[in-house]
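Hi everyone, thanks for making time. Could you bring up the sequence and the model on your screens, so that we can walk through them together?

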Amino acid sequence: MTITNDDNDRHQNQCEKMEVNENLRSQYTIGSNDFILVDEVGERPKKNVKEKFHELSTCLNKNSKTVFTYKTITKRLPILQWWPTYTTEDGIGDLLAGITVGLTLIPQSMAYSALAGLPPQQGLYGSFVGSLMYVFLGTCKEVPMGPTAIVSLMTYNTLHGLGPVYGTLLCFLTGVIQLIMGVVGLGFLIDFISGPVNSGFTSAVAILIVASQIKDLIGVKAAGTTLLDMIISISKDISHYQLGDTWLGIICIVVILLLRRMALCQIGPKDVNEQTTFHRVMNRSMWLIGTFRNSIVVIVSSYVGYLYITSTGHDVTSNDLPPIPFKVVGKIPSGLPEFDLPKFSITRDNGTTIGFFEIVSSIGSGVIVLPIIALIETISICKTFADGKPVDATQELLATGLCNIGNSFFHAYPGSGSFSRSAVNAASGVRTPMEGLYAGILVIFALLFCTPYLYYIPKAALAAIIVAAVIFMVEVRVVRPIYRSKKSDLIPGLATFFACLVLPLEIGVLIGIGLNLVSILYHAARPKLLIEVHKTRDGINYLMVTPDRCLVFPSVDYVRNLVMKQSLKRELPVVIDCSHIYGADFTAAKVIEMLTQDFSKRGQALFFYNLKPSVVAVFEGVQPKGFITVPIVMLLFERHKS
C-alpha cells in the first residue's frame, strides 16, 4: 500500500483535533479510519419501497428466465446430457448390468421389505418405478434405486408395525421432504454428518440388522427397535426355536459367502492381456455365479420348499402354514400394484377416522430423519463412483425425492441407492443410468409372471441374504486410521455407534450430529492467536496479535481476554492483524469498543491492521470511542522480528 502526501496531510489535520496523551503522541501517530485493505466503504443510497419492489420484480423476472434455459433444463434432466451420444455399446453394457442388478434386486427387495416389517411384495413395488424415474433424473450411473438395508431398518423403527398403508404414506412424505430440500438448496445439510459419525451409524445399523434377522434364522417371533429390546424379545420366544430354519439359514449364509468369495477369485495371470481365452471365460463365469449368489440361493431354497410342500399335499391357496420344518413367505398378490394416491386419512373398523396430522404424529421424528439418512446413502455412493467429478447433491435430492414420490403411488415404502447393488452395477460394466430401465422391467416381469413361485421361498433364506450383505457394513477398519489421524474424532463416532444400539436410531444420529456441532462451535469459540513481538525500523518493540478466523460472539470474549492478558504482561503497543478476519457481528463490535476503551484508559496504543471494509462497517456501527486505524502504521510497524 502506498502512502501519498494527501493521506499524510489529512492524517495530520485529524491528529490536531484529537485529545491524546502527549507522550503517546510523540511516538505514535493517530490517524483516520481510511486504513483499510481496499477502497473506502461508501454509503449506499437509500431506496424507497417502490424502488425496492421494482428491484425485486426485476430479479424474479430474471431468475424465471434462467429457469427455462437449455443449461438449466439439461442440468435437472441429466438424460439430455448423455442420450444424444448414446451408442450401441452403451446399450449392451447397460442391458447386461440391468439384468445382473435386477436378478440381485428381486430377492433383496423382498428380504428388505421383511426387514422393514412389511409384506414382501411391497419391496418389489418399490423396485421398478424409482428405477425407471432415475433413468431421467439421476446423475450417477452406478446408483440403483430401490429398498436398502439401512432405510428398511429406519422404516421399521419409524412405523413400529403400523402397516403397509403407513409405509406408503411414509414413502410419500420422505419424497416430499427430499424434494423440498432440493428445491431450497439444503443439500449442504449432509456436510454436518462427519465420516466418523457416518461410520458409527452404519456399523450400529449393521449389528441391529443382524440381530433383527435372528428371529427368522431360528424360527421365532421377535420385535424391538433397539438391540436390548430385540434380545429380550427373542429370549421370550426362544422356546419355539425351530431347527429346520436354523440349519437352512446357516447353509444359505455359508453358500452366499463362498459364492461371494468366488466372484473375487481369478485364475491365470493377473494381467488380463496375458490371460488365455479359457482363463477369461472361467473368470467371467465365476464372477457371474458369485454375483447371482442371492438369486441362486433363493431359487435352490425355493425348490427345496416346493418339494417339501408338495410332498405334504398342502393347499397353497389356503391361509394355513404348510407343515414343513421351516417357514416360507406364503401368498403374494400377483400382478402390478394399482396406481393410487397415498392415504392421507384412515378409517378404522369401528368407523372412526384418523386424520393426516394424527398419522404423522404416530410416525414420529423418523419422518424427518429417514429422508436425510436415505440421501446420505445415495450421496455416499455417488462420491464413491464419482472418479474425481463433482457430485450435484441438489440434483440427487430432487431425483431421490421424485423417485420416492413416484413409488408411493404404487404402494411402496421408502428407498434409496444401494451400496451392494452399486458395486454389482459397476462391476457389470454399466455405461449410463439406462441400466435402471432394464432392472425395472425385470422386476415388472417377476410381478406379472413369477409371484406364484415366490410362495415357496423360505424366510430363513431371505434372512441369510440380509445377514450376508450387512456383516461387511461394520466398519472396524476405519477405527485405526481415525485414531492415527485425530483421536478426538473417535468420540462422536463411538458415541453414535453406542447411542444407535441402545437408543432409537434417529436419536442416535442426532446425538452424533450434536457432538459434531459442539466440536465445530468449540473451535469457532476458541480461535488460535499468533502472538509475536516485532520491532520497527526505529527500534520500537510492539506486540503483533494475529487471530486465525472471524470474530463472532462465541469467540470475541476469548480473544479480548488473551489480548488484555498479553498487553498487560508485556506493556507494549499492540497491533491486531486482521488479515484473516473476514467477518464480525454486533457482539464483536461491542467487545472491540470495550477493548479500545481499556487501552485508552491506561494510555497503551492499540492499532488495527489490514481491516476489511465489511469489518470496518460492523465496528463503526456501534460508534466506538478510540477505535482508530492508522495509515502510518505500515511505516512504523514493519515486521522485523526482535
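This is a predicted model: local features need pLDDT of at least 70, side-chain atom pairs count only at pLDDT 80 or more; totals for chains, interfaces and linings use all residues.

Residues are numbered from 1 along each chain as its sequence is written, and side-chain values use heavy atoms, leaving out hydrogens and water.

So, the overview. The protein has 28 helices and nine strands; these are DSSP runs, H or I of at least four residues for helices and E of at least two for strands, numbered from the N terminus. Of its 642 residues, 48% count as buried, where buried means under 20% relative accessible area, exposed over 50%, and partly exposed in between, using a 1.4 Å probe and protein chains only. Look also at contacts, meaning heavy atoms within 4.5 Å: among those between residues at least 6 apart in sequence, 78% join residues at least 24 apart.

Now please find helix H13 (residues 243-264) and helix H14 (residues 277-291), whose axes come within 7 Å and cross at roughly 150°. Those axes are lines fitted to C-alpha atoms over the stretch in contact, with angles running from 0 to 180 degrees between N-to-C directions. Which residues of H13 and H14 make the contact? From H13 we have Leu-259, Met-262 and Ala-263, and from H14 we have Met-286, Trp-287, Ile-289, Gly-290 and Thr-291. They divide into six nonpolar, two polar and no charged; here Ala, Val, Leu, Ile, Met, Phe, Trp, Tyr, Cys and Pro count as nonpolar, Asp, Glu, Lys and Arg as charged, and the others, Gly among them, as polar.

On to the salt bridges. There are four in the structure, each a side-chain nitrogen of Lys or Arg within 4 Å of a carboxyl oxygen of Asp or Glu. One of them joins Asp-90 and Arg-431, at 2.8 Å from N to O. This pair links distant parts of the chain, 341 residues apart: Asp-90 sits in helix H6 (residues 88-115), and Arg-431 in the loop between helix H19 (419-427) and helix H20 (435-449). Is Asp-90 buried or exposed? Asp-90 counts as buried because its relative accessibility is 13%, whereas Arg-431, at 41%, is partly exposed.

Another bridge pairs Glu-142 with Lys-141, their closest N and O atoms 3.0 Å apart. Glu-142 is buried at 6%, and Lys-141 is partly exposed at 25%.
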